[in-house]
Amino acid sequence: MSLLKMQRHPFFSYTSTLSIAITLASVALFGQHTLVEGLAYAPNFITKIISSSTGREPVGLLDVGNTDTPTESDDETLITGSTGPITTRFPPEPNGYLHLGHAKAVSFNFAVARMFAPDGRCHMRLDDTNPSKEGQEYVDSILEDVRWIQSGCSPFPDNLDGDDSPKKSTLADIGPWFGPVRTTSECFDFIYDCAVSLIKSGDAYMESLTAEEMREYRGTLTEPGKESPYRNRSVEENLEMFEKMRAGEYKEGEHILRAKIDMSSPNINMRDPALYRIKHESHQNTGDKWCIYPMYDFSHPISDALEGITHSLCTLEFEDHRPLYDWTIEKLSDVGLIKSRPRQIEFSRLNLKYTVLSKRKLIQLVENNHVTGWDDPRMPTLSGMRQCGVPPAALLLFCECVGISKADSNIDFGVLEECVRKVMDSTSSCAFAILNPLKVTISNWQGSTLEDFEVPRHPKIEEMGDRVVPFGKHVFIERSDFFDTEGPEGAANNNKPPKGFKRLLPGGKVRLKYAYVISCDEIVRDPDTNEPIELKCTVYSETRAGVTPEGEARVKGIIQWVEASTAVKCKVNQYDRLFKTEEPGKESGDFTLDINPESLSTLDGIIVEPSVAFDALGIMGAIRAENEKETEKQGSGEKIYHSNLSYQFERSGYFALDPSSDMKQLVFNRVVTLRDTWGSATEGDTRNAAKQSQRNRGGEKEGNQKQQKQKGGGGGAGVVEDARRIALRAATILEAGPHPEADSLIVCKVDCGDTTEEGEPAEPRTVVAGLAGKIPFDALVGRKIVCLTNLKPAKMRGIESEAMLLAASDGNDGEHEKVELLDVPDSVPNGELLSFEGKEPSDPDAMLKSKGAVKVWDRVKAGLRSNEEGEATFVDEGKIHRIMSSAGPVKTASLKDSVIQ
């Protein structure tokens with residue numbers, strides 16, 4: 001492969017590609033809007049609080065109309081804050097690896113600062129106040145993770161404050177944040193002075209109770225605490241003891257410094273909280289200078305104020321700590337030690353199904369060897385996500401999808417996976433990879449000659465360039481792309497292929513994608529198992545590159561392949577979710593019992609096309625060159641990771657290069673499957689049927705709704721399979737005309753057989769469809785067709801569409817596409833619920849409106865197509881089910897073997 005072609009691969013322009021990916025995926029999810037650095041946050045209560053208290057308006061938020069809904073914080077928005085630049089911070093403690101919850105905090109803190117341009121900024125601070133649990137390993141990993149997850153966004157300029165801007169003096173300081181990396185430890189002297197000031201003002205005292213005694217004196221949530229017998233020590237005694245405490249004259253736990261606030265406060269955090277404790281340990285930053293260290297709740301507001309933080313954004317578990325935060329700021333402001341007054345605002349933390357984010361549980365997974373380490377690709381840590389191959393743009397998109405609020409929510413893991421798919425679809429090349437190879441020998445191919453095919457790296461993104469795929473006498477195909485009717489699998493199926501099987505059969509033909517049509521002439525079998533080990537085939541040279549000779553029937557099956565002599569063997573780690581239940585440990589109390597035993601399977605001997613090896617050698621060479629430099633490009637946004645190289649291995653999933661790869665063996669990690677393979681088995685337990693005030697919208701009649709059918713979970717009728725949850729109904733198009741605002745859309749009035757509560761015919765539904773120019777209007781009116789009637793209504797260019805018309809397509813693009821609506825026999829009444837042959841009667845949801853429920857339709861739609869007789873079918877696990885009405889099958893007019901959508 002030429003260097004020019006390699007340079008056109010997305011790996012060589014990774015940072016810009018990430019930014020594009022965020023924007024493309026955001027537009028796909030939210031529509032076209034003016035965004036900040038590709039971000040797609042909607043207006044939220046935090047942006048409204050900041051705007052109201054400072055008079056500054058955020059830029060780049062999604063336009064979602066009027067959002068003036070009252071929130072629980074609206075009564076506080078008039079509090080006056082800083083008049084300077086909006087300044088946020090990300091302040092993790094360096095005592096562990098960052099995980100998905102931190103990703104949300106990083107993304108939002110940086111995003112808020114960018115929203116308040118032109119001088120908004122976000123600081124990076126390490127709250128390193130506990131040397132017992134902190135270390136340089138965690139410091140390094142945190143900074144790398146923040147650089148990585150922000151790598152698709154521009155860093156804050158270094159000159160926002162002109163000559164007064166803080167300087168980045170070391171390589172570690174370089175990153176997307178504003179100024180250098182800050183640490184709480186560099187403020188220890190000032191924080192100590194603040195503690196001395198509180199002692200002098202009578203607001204702090206030295207405590208000599210034991211830890212157990214302090215717990216007894218503290219009280220409970222329903223009972224007030226008791227004042228310590230040491231609470232009224234004199235200022236002089238407290239100062240003398242605090243100085244001795246700093247000098248190391250006391251043992252750990254012998255004394256602490258406490259704030260003197262209110263032992264009867266209903267907020268336990270205000271019952272004389274600890275400010276300083278003794279720890280005779282070296283600190284990774286200050287060494288042995290200190291043997292006393294401030295508590296997080298004390299140092300945190302002081303550090304915020306010193307840095308000029310205007311808005312301290314944190315999760316809801318700190319809401320009860322806010323009075324102490326404000327008390328500290330107020331007391332130190334009164335004596336002039338602190339000039340600025342930061343404002344703490346809380347938002348809900350990230351809760352994610354099928355995983356754990358508790359630091360204690362993550363440590364248990366690592367220490368008990370349930371995973372290989374903190375960067376195990378199954379871990380929810382950012383380093384694990386990176387090693388797996390998840391693009392940082394996908395995590396940013398996920399955080400934007402989740403949004404910001406004060407309401408607790410438990411997000412389905414599938415939302416994250418779908419964000420990964422959307423981003424990787426726009427950044428990953430396609431490649432042929434054969435997971436279970438079967439050798440094919442082309443009998444009529446001359447000698448060892450190879451023929452190169454230049455094919456696109458991505459079918460929709462021309463800028464990715466082309467790749468060269470060689471073809472020759474010997475190729476490998478997927479074993480599953482050949483059905484052996486004459487062997488063991490054929491015997492198990494009455495010597496017939498599965499219904500709808502379009503790929504290679506003995507004596508049959510198939511097209512090798514981008515290359516030729518071949519036919520299978522002979523099968524070479526294993527003498528012991530009788531399984532095929534080689535196919536001898538004939539190639540038809542006149543069919544090169546998709547050509548069907550005049551007068552010959554088009555070969556319907558298309559399969560991938562890899563030429564044998566240039567093929568590269570590699571290893572694939574097929575990762576899946578680490579836990580098999582939505583809430584690990586909920587039933588048993590031990591979350592490790594819910595670990596998914598199939599979360600990793602390893603495949604050796606995988607065959608990939610040679611362009612993959614060229615790309616891998618290129619990125620490994622670039623990484624090696626970077627590592628050999630005397631000065632690393634640390635934090636510059638240019639660091640290259642193995643996982644930057646990713647592919648869609650056709651029909652298999654999205655994969656990324658693993659760091660264990662070397663010149664001898666390439667290793668790829670499966671990042672995510674092409675489609676959601678988990679679904680939502682218990683979603684129906686919490687699905688409430690919407691009240692049908694005017695009409696029954698596609699689902700069961702009201703009399704049946706009261707049963708609250710079990711769509712999964714315990715006790716009831718069990719899981720209702722996807723195909724039976726959708727409502728496909730016979731309907732008649734009454735009117736059809738152009739959409740007033742969109743040339744590609746039409747607007748129809750459709751009688752779907754709806755009735756009012758009184759049983760009278762309801763008004764016809766309005767349906768918007770992308771059929772303009774595809775079918776004449778006069779061919780639509782009066783036609784009996786198929787409507788999907790239980791999708792949530794959606795506005796399409798200003799007009800709400802209340803159902804969906806089902807149509808077959810020949811798969812061509814643009815004006816060349818041929819589209820036909822599905823026809824239902826005229827004798828079938830409007831509103832009749834259609835069924836799938838061979839399945840139980842349909843049992844549709846009242847409305848598919850949640851994210852998980854909408855995926856039900858997506859999964860069903862993927863299996864819909866017309867067969868060779870033009871009948872509409874649903875292909876499910878290799879079985880073909882016709883769509884049936886009371887008067888016979890649903891058909892297309894002429895499109896056969898076509899997709900239905």
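What you're looking at is a predicted model, where local features need pLDDT of at least 70, side-chain atom pairs count only at pLDDT 80 or more, and totals for chains, interfaces and linings use all residues. Residues are numbered from 1 along each chain as its sequence is written, and side-chain values use heavy atoms, leaving out hydrogens and water.

Let's begin with strands. Helices (H or I, at least four residues) and strands (E, at least two) are DSSP runs numbered from the N terminus, and two strands pair if DSSP finds at least two bridges between them.

| Strands | Bridges | Direction |
|---|---|---|
| β12 (residues 437-442) and β18 (residues 532-540) | four bridges | parallel |
| β17 (residues 517-525) and β18 | eight bridges | antiparallel |
| β5 (residues 256-259) and β6 (residues 274-278) | two bridges | antiparallel |

Along β18, C537 sits opposite I442, while Y540 sits opposite V517. The hairpin of β17 and β18 has six residues between the strands, and N530 there takes a positive phi near 65 degrees.

Elsewhere, four strands make an open antiparallel sheet in the order β4-β5-β6-β7. β4 (204-207) and β7 (292-294) are at the edges with a single partner strand each, so one side of each has no neighbour in the sheet.

Now for a helix pair. α4 (residues 100-115) and α13 (residues 392-402) pack at about 80 degrees, with axes 9 Å apart; axes are lines fitted to C-alpha atoms, for helices over the stretch in contact, and angles run from 0 to 180 degrees between N-to-C directions. Contact means heavy atoms within 4.5 Å: L100, A103, K104 and S107 in α4 meet L395, L396, C399 and V402 in α13.
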